[in-house]
Amino acid sequence: MRTASRGLFATLALTPLLAGCFVSGEGGSSADGEAGQSGRLRVALAVPPVQALSPYSNDATVLSKLSVAEGLTALDEDGVAAPALAKSWTQKNATTWAFELREATFQDGTEVTAESVVNALDHANEAETKPRVLSDVTLTAKAEDADTVTISTRTADPVLPLRLASPALGILSPKAYAKDGTVSPVGTGTGPFEITKLTGKTKAALDRFDAHWGGKAKASGIDVSWIADGTARANALRAGDVDIAEWIPTAQAKLLDKDTRHEVPSVRTDSLVLNTGSGLFTDETLRAAAREAVDGAALVDSVFGGYADPAQGLFGPAVSWAADKRVEVTGRAAAATTAQVKSKTKGRTLRLASYTNRAELPEAASVLQQQLEKAGFAVKQDVREYTQMEADLLAGKYDALVFSRVTLLDTGDAVAYLASDYTSDGVYNIAGLKDSKVDQAIKSAAGEGDTAKRQQKIMRAEAEILRTDAVVPLVHEKVVQGISTGVEGVLLDPRERSLVDVDTHAK
């Protein structure tokens with residue numbers, strides 16, 4: 001077993017990026033005589049595809065977890081930008097970077113060129129729904145020659161190499177991009193595994209891509225099943241039907257053999273997100289009442305079986321620098337009393353949403369419902385599979401959502417998460433928050449290149465967001481991954497964007 005992080009977030013590690021140039025060798029795992037002898041891996045994932053594995057949706061993470069698509073850069077074990085399709089890069093000035101491409105081939109047999117990289121990034125910029133990672137920046141890519149891409153931003157973006165490591169900015173062949181705006185990663189990536197068949201929202205087949213620039217993978221392929229029910233995923237692992245089962249529910253974790261149960265400190269925070277744009281929680285005193293009513297600490301043992309810590313803010317213990325830089329939250333609205341809540345809501349029902357892909361969330365929603373009802377709210381739950389409700393969530397059709405979010409998923413840098421989820425024009429702003437002080441605080445953090453100062457500005461932005469009561473952090477999760485003892489090389493990643501790579505194989 002390999003762990004994808006050693007003190008992963010001790011620092012944002014901007015220094016190597018700002019120093020100007022990063023060069024790495026071409027090597028990856030070599031294609032030795034054992035490659036392909038260990039057979040196929042069987043993997044159970046939790047969240048079925050929303051948009052046929054389009055990189056512009058939450059499906060992008062699947063392409064990263066299964067090593068299908070690659071970006072110009074990747075994140076290494078310490079959260080630093082490392083070479084991927086770009087073998088090196090140089091910062092020309094505050095807004096311009098040059099990336100030198102390595103020799104690589106798309107899975108459809110065409111070569112990776114500067115023009116194909118520009119094409120991929122242009123499509124991401126022009127997507128009808130922009131990838132979250134581009135919420136706070138616009139990229140302009142230009143092919144300088146066959147192997148050099150220059151990328152510019154309107155304003156300084158000190159973490160551009162980190163941003164380009166986002167699963168949503170994976171480089172696909174020109175064949176992937178249809179005229180109607182849809183994007184298909186089937187046979188169009190550059191990773192060591194190629195999607196050969198996608199069966200709706202239930203299954204996918206991947207074969208080893210032997211022409212991968214880093215060498216042949218040790219496994220000959222991957223058979224993926226999407227199993228939304230967490231107990232069913234755990235049962236599939238116990239029965240030997242799958243080799244890897246992600247996101248084992250905490251209630252099931254202790255039922256697994258200890259050799260198959262792997263606890264991973266996670267940057268995942270579970271929160272109660274309140275809709276500030278419409279409905280009950282446009283009233284800030286009602287948001288404050290909800291914040292005072294809920295007690296996330298009560299969930300740690302009762303719902304999460306100890307596999308969580310009480311929330312300290314948006315960022316938990318896995319983001320190790322956050323605690324020392326946390327800023328006191330001031331300026332919150334006074335909470336409505338129970339009598340005022342009943343009067344202000346006037347019999348209207350609080351629509352509380354949650355989803356079944358993470359088994360703990362519906363349980364948490366039931367506990368929160370009791371806490372909110374005690375504060376005077378009338379609560380009705382709507383619990384479904386996530387892909388069935390995402391559009392409604394983004395359209396503001398709920399008052400509140402019990403939500404589990406990997407805060408450093410998109411770039412490894414917290415600013416991208418804050419921008420997508422909490423700025424006025426954020427593409428994943430489920431809270432519908434529009435607050436000028438929040439926008440300014442996030443913008444200030446985005447433009448800061450000094451590591452320590454950037455971290456401090458991130459925490460000031462966190463305090464501004466919490467001031468609005470648009471989100472009430474509940475717990476910081478510890479993720480449990482289920483892995484058969486017959487498998488080696490699975491990545492245990494606190495960011496939950498890596499799972500299988502060239503070295504993952506059956507013994």
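## Positive phi angles

Lys346 sits in the loop between α10 (338-345) and β16 (349-355); helices (H or I, at least four residues) and strands (E, at least two) are DSSP runs, numbered from the N terminus. Phi of Lys346 is near 50 degrees, a positive value in a residue other than glycine. With a relative accessible area of 71%, Lys346 is exposed (exposed means over 50%, buried under 20%, partly exposed in between, with a 1.4 Å probe and protein chains only).

Ser67 also has a positive phi, near 55 degrees, and is not a glycine. Ser67 lies in the loop between α2 and β4 (73-75) and counts as buried, at 13% relative accessibility.

## Basis of the model

The model is predicted: local features need pLDDT of at least 70, side-chain atom pairs count only at pLDDT 80 or more, and totals for chains, interfaces and linings use all residues. Residues are numbered from 1 along each chain as its sequence is written, and side-chain values use heavy atoms, with hydrogens and water left out.

Asp59 is in the loop between β3 (40-45) and α2. Asp59 is buried but has no salt bridge (a side-chain nitrogen of Lys or Arg within 4 Å of a carboxyl oxygen of Asp or Glu). The nearest side chain of opposite charge, Lys201, is 8.1 Å away. The Asp59 side chain does reach the backbone nitrogen of Leu53, at 2.9 Å.

## Cavities

The whole structure holds six cavities of 30 Å³ or more. On a 1 Å grid over the protein atoms alone, a cavity is a set of points where a 1.4 Å probe fits but cannot get out, and a pocket is an open set with protein on both sides within 12 Å along at least five of seven lines; lining residues have an atom within 4 Å of a point. The largest cavity has about 430 Å³ of space. It is lined by 27 residues, and Val47, Asn58, Thr61, Trp247 and Arg268 are the closest to its centre. β18 (400-406) and α2 each give two or more residues to this lining, and β18 gives the most, with four.

The second largest cavity has a volume of about 100 Å³. Among its 13 lining residues, Val273, Phe403, Tyr417, Asp421 and Tyr422 are the closest to the centre.

## The second largest pocket

About 660 Å³ of space lies in the second largest pocket. Of its 36 lining residues, Gln51, Ser54, Tyr56, Ser57 and Thr129 are the closest to the centre. α2 (60-65), α3 (114-126) and α12 (390-394) each supply at least two residues of this lining.

Definitions and conventions:
Points joined across faces, edges and corners; volume = space filled by probe spheres on them. Lys, Arg positive; Asp, Glu negative; His and termini not counted. Polar contact = N/O pair within 3.5 Å; in protein donor to acceptor, adjacent residues only side chain to side chain.
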